[in-house]
Amino acid sequence: MDALTYQELLDITSKYDAQLLAVSKTYEQEKIMPIYNDGQRIFGENKVQEILRKKETLPEDIAWHLIGHLQSNKTKKIVGQVAMIQSVDSLKLLKVIQKESEKRDIKSHCLLQIHIAEEDTKTGLDEKQLDQITSEFLDNKFPNIELHGFMGMATFTEDKEKVRKEFKMLRGLYERYCSPIPSFDTLSMGMSGDYKIALDEGSTMIRVGSLIFGDRKY
Ligand SMILES: *Cc1c(COP(=O)(O)O)cnc(C)c1O
């Protein structure tokens, strides 16, 4: 992967009027703070425990986004703790988020994760499940949820045209739902390997980790 500084990536992203989510999973304070000091305020993590742990020592004005699969039984720990849950991948999960948000009398800001990749391993809603969730949402079943849009992950492949097709599909779906759901303002697609294609295809938020922070050590 070509080396790119944080500032260069930020410049490209803002040229497209998009937002940059810095994916800090597996990276610690010494990697995160320099980017924070450059002005970055939105960070993404894929694990509930890791967000809660990092929140204890990192600055309070960071807006944390959960981007990894959320198990229903961990929902009560995370509701109220993050700026956005991007990985809502079932009706059941949305119901649990609603219940926990109602208890706390807050609104939870969410994206629906849509399955666009070929691999079965990547979770997300198919169109039928999406229809069901959005129609319940439009029936006011989720008064404590604010739906902001979609998140998607393309197939991991060298085939750029395939990736482009998947992003284009998601952009089309997003546009279809923008008028029935006026709170829609976010289409989260594009990672280190495919963010340029995603921006070209109308992403409003790219989620970039290794390109900013360097190779990940698990
Ligand atoms: C890890 C992760 C990213 C960022 O991946 P990089 O390849 O490091 O940019 C983006 N989105 C999700 C959902 C992730 O889990």
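## Helix α5

Helix α5 has 14 residues and spans 20 Å from its first C-alpha to its last, close to the 20 Å expected at 1.5 Å a residue; the expected span is 1.5 Å times one less than the number of residues. Helices (H or I, at least four residues) and strands (E, at least two) are DSSP runs, numbered from the N terminus. The model is predicted: local features need pLDDT of at least 70 and side-chain atom pairs count only at pLDDT 80 or more, while totals for chains, interfaces and linings use all residues. Residues are numbered from 1 along each chain as its sequence is written, and side-chain values use heavy atoms, with hydrogens and water left out.

The buried residues of α5 are L91, L93, L94, V96, I97, Q98, E100 and S101. Buried means under 20% relative accessible area, exposed over 50%, and partly exposed in between (1.4 Å probe, protein chains only). Their cover includes α4 (75-78), β4, β5, α6 and β6. After α5 comes D105, with a positive phi near 55°.

## Strand β5 and its neighbours

Strand β5 (residues 108-114) is largely enclosed by the rest of the structure, because 6 of its 7 residues are buried. Two strands count as paired if DSSP finds at least two bridges between them. β5 pairs with strand β4 (residues 84-88) in the parallel sense over 2 bridges, and L112 of β5 is the bridge partner of V88. With strand β6 (residues 145-152), β5 pairs in the parallel sense over 7 bridges; here H109 has E146 as its bridge partner.

## E166 in helix α7

E166 lies in helix α7 (residues 160-178). E166 counts as buried because its relative accessibility is 9%. Leaving out residues up to four places away in sequence, E166 touches I116, A117, E118, A154 and T155, where contact means heavy atoms within 4.5 Å.

## Ligand surroundings

Around the ligand are V23, K25, I67, M153, M191, S192, R207, V208, G209, S210 and R216; a residue is included if one of its heavy atoms lies within 4 Å.

Polar contacts are pairs of N or O atoms within 3.5 Å. A polar side-chain atom of S192 is 2.5 Å from a ligand oxygen atom. An N or O atom in the side chain of R216 lies 2.5 Å from an oxygen atom of the ligand. For R207, a side-chain N or O atom is 2.9 Å from a nitrogen atom of the ligand.

Note on methods:
A polar contact is a pair of N or O atoms within 3.5 Å; within protein, one must be able to donate a hydrogen and the other to accept it, and residues adjacent in sequence count only if both atoms are side-chain atoms.
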